[in-house]
Amino acid sequence: MASGDENAERTNRVLRISQLDALELNKALEQLVWSQFTQCFHGFKPGLLARFEPEVKAFLWLFLWRFTIYSKNATVGQSVLNIQYQNDLSPNLSYQPPSRNQKLWYAVCTIGGKWLEERCYDLFRNRHIASFRKAKQCMNLVVGLLKLGGLINFLIFLQRGKFATLTERLLGIHSVFHKPQSVREVGFEYMNRELLWHGFAEFLIFLLPLINVQKLRAKLSSWCVPLTGAPGCEHVFCYYCVKSSFLFDMSFTCPKCGTEVHSLQPLKSGIEMAEV
């Protein structure tokens, strides 16, 4: 019975890449909300929000937390990827949402931690008193230890695929699927055909800039024109343009008839344009 539960948990386990994608979506949402909020104060005095920026950000993130994790047991990024949080400390085998205390401590660790870090940075930035210097060193030590703990937790997450952040591990919540994953209905034949076509299209996009279309067109036109036995062509172009192309490409051909050019002759000044 235990092995069956372990196999079911292994089958329904959320992929590591999905959990990391949910975190990136959350960061993108925060940046989008903050940019939209700051645009509302575009016409006001510059630097109006700079003094209270940590508090304003904390209020916005608290508002998002209220209608995401607190109400739906999932962040916005998790909701997009069909993921939600589960209480890992519950003894029940069935799904148990995070408790109210876990949700509150999640807000304290994430929102409160960001606010405290930003506010302490602004507080200690221009202070040079000895007492503030010691407090700043202690704050930097605490932040460094938390960063180190996050790094160790991330390495463990890469190995085991559970608890993507240090906050999730400390609170005992992990990501699970909100709804059972459906079986992929797209055939492998269709997928292979799409991959082959996209690969061929990318190859053409890379190859086309390397092809001299003008030279290729002239070569094709020379094959369509019947051979007259003439040793060369007598078409007239700008001497400097043709000369620069001839010096650059030793196998230069006439742009009009495609005949390979071995030598160039400047136009004599006595020939009238009507004769040309």
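Lys57 and Glu53 are 4 residues apart in helix α3 (residues 53-67), so about one helical turn separates them; helices are DSSP runs of H or I with at least four residues, strands are E runs of at least two, and both are numbered from the N terminus. This is a predicted model, in which local features need pLDDT of at least 70, side-chain atom pairs count only at pLDDT 80 or more, and totals for chains, interfaces and linings use all residues. Residues are numbered from 1 along each chain as its sequence is written, and side-chain values use heavy atoms, leaving out hydrogens and water.

**Within helix α3**
- The side chains of Lys57 and Glu53 form a salt bridge at 3.2 Å, N to O (a side-chain nitrogen of Lys or Arg within 4 Å of a carboxyl oxygen of Asp or Glu).
- Lys57 is buried at 17% relative accessibility, while Glu53 is partly exposed at 26% (buried is under 20% relative accessible area, exposed over 50%, partly exposed in between, with a 1.4 Å probe and protein chains only).

**Between helices**
- Arg119 and Glu55 form a salt bridge, with their closest N and O atoms 2.6 Å apart.
- This pair links distant parts of the chain, as Arg119 is in helix α6 and Glu55 in helix α3, 64 residues apart.
- Arg119 is partly exposed at 23%, and Glu55 is partly exposed at 31%.
- Glu30 meets Lys114 in another salt bridge, the closest N and O atoms being 3.4 Å apart.
- Glu30 lies in helix α2 (residues 16-39) and Lys114 in helix α6 (residues 100-124), so the pair ties together parts 84 residues apart in sequence.
- Glu30 is partly exposed at 24%, as is Lys114 at 37%.

**Overall count**
- The structure holds 5 salt bridges.
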